Amino acid sequence: MAGTGVFEEIIDGEVYKYYADGEWKKSASGKSVSIINPTTRTPQYKVQACTQEEVNKVMDAAKAAQKLWARTPLWKRAEFLHKAAAILKEHKNPIAECLVKEIAKPAKDAVTEVVRSGDLISYTAEDGVRILGEGKLLVSDSFPGNERSKYCLSSKIPLGVVLAIPPFNYPVNLAVSKIAPALIAGNALVLKPPTQGAVAALHMIHCFHLAGFPKGLISCVTGKGSEIGDFLTMHPGVNCISFTGGDTGIAISKKAGMIPLQMELGGKDACIVLEDADLDLVTANIVKGGYSYSGQRCTAVKVVLIMESVADAVVEKVKAKMANLTIGPPEENCDITPVVSESSANFIEGLVMDAKQKGATFCQEYRREGNLIWPLLLDHVRPDMRIAWEEPFGPVLPVIRISSVEEGIHHCNASNFGLQGCVFTRDINKAIMISDALETGTVQINSAPARGPDHFPFQGLKESGIGSQGITNSINMMTKIKSTVINLPSPSYTIG
């Protein structure tokens, strides 16, 4: 169970400790932050409310530890990561338990997230050794006007201290997608987990602790964003920020200054359906893509743009398949579980009521109990409705009927977001043409949007983000090029 066995030392009474300088600590503030169970809507856990002075100490320790870690051989860094991955997977059940209670993730999906995270760590260790183990040699006479008198050796070196801020919906997987690349590259890592998901993240960090990483190299601070949020992101000790979330990322990017940023900020992922599409395949992907984990995914299908001639057929098929979705608590592995908070549920309801007022067709009756919202398909949605543009992050999916491919492309590109999109057609030429035209980081052909496999590039355009994720891209982003130039006294053209 969570907080027991090997995890006993991370909790003090009812409050989980924070992690700094290789130890589990209580905050000097004497305060805590409650984590509300989305299903029961009652407090489930408590975490420390860290202070700014404690953040300062974490940063000092990280800076000192990073210098030594950067000189640790690559193969040794990889060994530490492989050990952490094995420990994480060994203790998947108590960590998954936290995910169920903190963010209402279905139990089977919670276990999958932890196992996937262990695999991501191991892959990063292996990929990092290959990427970082290679340098580059340049010679001067390849550029006009130069003799062969200079040799440039370049390699990748760490940035320093990486601040990682994952979102509530994947607090373990999206944390390790930042932690593992940072560590293999020789950086120190400070994790600020989301409040909902913090306890799962603390359990995950303990697995790194058990793997024996040097003291101070990895830290995890919890607390109120109003107290330590801006203080962390604007801290002079931070050399890189990797953030996944929403509008907060835009504010961070404006305040962070001249440091590398990796930002994934959400999307309004569109599904374009052409007349020649396999409608059964379309149906399966709309339901899975739109309603998995109650639509609380950056890559969920968030708007369906469908050719008028096949719209009736697809809507009927989707309605029939939606009728088989199970709704209820995450402990029972239901397809639709409560959304993460009451404020989220209220926001989703606001989008639904706006669509109702403006004449959208409700394919099911709107139903809500607390944070639990029954899956809803809205047909005949128009561009003047908020749901056509805003990201609900819930189990509500709008259908916009289109008369041409160009209309669908125009709607996608008019969005402020540009994370992913998908197109369903049997014509590969049309699919590639549409992919080229869409202003999104990724386009899926004949499949719903998805982040993964985890080594694939993952990036957004416009307000969907800055930089690119995926294991290789993250390693490259968390390093910089260091060059050493060897100057010869004079060129020589004779031998012997």
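1. Which helices each supply at least two residues of the lining of the second largest pocket? In this predicted model, they are helix H4 (107-132), helix H5 (173-184) and helix H9 (279-291). The pocket holds about 860 Å³ of space, and its lining consists of 36 residues. Nearest its centre lie Tyr170, Lys288, Ser292, Tyr293 and Arg297. Sorted by class, the lining has 14 nonpolar, ten polar and twelve charged residues.

2. Tyrosine 293, one of the residues nearest the centre of that pocket, deserves a separate remark. Tyrosine 293 is located in the loop between H9 and strand E15 (303-307). Its phi is positive, at about 45°, although the residue is not a glycine. Is tyrosine 293 buried or exposed? Tyrosine 293 counts as buried because its relative accessibility is 5%, and the limit for that class is under 20%.

3. Of the 39 residues in its lining, Phe168, Phe243, Gly245, Gly246 and Thr248 are the closest to the centre. The lining comprises 17 nonpolar, 16 polar and six charged residues.

4. Several elements contribute to the lining of the largest pocket. Helix H7 (225-233), strand E12 (240-244), helix H8 (248-255) and helix H11 (342-357) each provide at least two residues. Which of them gives the largest share? That share, five residues, comes from H7.

5. The largest cavity has a volume of about 80 Å³ and is lined by 13 residues. Arg451, Asp454, Gln469, Gly470 and Ile471 lie nearest the centre of this cavity. Helix H5 and helix H14 (471-477) each supply at least two residues of its lining. The lining divides into six nonpolar, five polar and two charged residues.

6. The second largest cavity has a volume of about 60 Å³. Its lining is formed by Lys268, Asp269, Ala270, Cys412, Ser415, Phe417, Gly418, Leu419, Gln420 and Thr440. By class, these are four nonpolar, four polar and two charged residues.

7. Two points of backbone geometry may be checked in the loops. The peptide bond from glycine 452 to proline 453 is cis, its omega being near 0°. Proline 453 belongs to the loop between strand E23 (442-445) and strand E24 (458-459). Arginine 41, which is not a glycine, has a positive phi of about 60°. Arginine 41 sits in the loop between strand E5 (32-36) and strand E6 (43-48). With a relative accessible area of 48%, arginine 41 is classed as partly exposed, because exposed requires over 50% and buried requires under 20%.

8. The final point concerns the surface. Which residues make the nonpolar surface patch of about 330 Å²? Leu137, Leu153, Ile486 and Leu488 make this patch. Leucine 488 lies in the segment after strand E28 (479-487). Leucine 488 is partly exposed, at a relative accessible area of 35%.

Key. Residues are numbered from 1 along each chain as its sequence is written. This is a predicted model: local features need pLDDT of at least 70, side-chain atom pairs count only at pLDDT 80 or more; totals for chains, interfaces and linings use all residues. Side-chain values use heavy atoms; hydrogens and water are left out. On a 1 Å grid over the protein atoms alone, a cavity is a set of points where a 1.4 Å probe fits but cannot get out, and a pocket is an open set with protein on both sides within 12 Å along at least five of seven lines; lining residues have an atom within 4 Å of a point. Helices (H or I, at least four residues) and strands (E, at least two) are DSSP runs, numbered from the N terminus. Ala, Val, Leu, Ile, Met, Phe, Trp, Tyr, Cys and Pro count as nonpolar, Asp, Glu, Lys and Arg as charged, and the others, Gly among them, as polar. Grid points are joined across faces, edges and corners, and a volume is the space filled by probe spheres set on the points. Patches are made of residues with over 30% relative accessible area and no salt bridge: like charges are joined within 9 Å, nonpolar side chains (Val, Leu, Ile, Met, Phe, Trp, Tyr) within 5 Å. Accessible areas come from the Shrake-Rupley method with a 1.4 Å probe; for residues, only the protein chains shown count as cover. A salt bridge is a side-chain nitrogen of Lys or Arg within 4 Å of a carboxyl oxygen of Asp or Glu. Buried means under 20% relative accessible area, exposed over 50%, partly exposed in between (1.4 Å probe, protein chains only).
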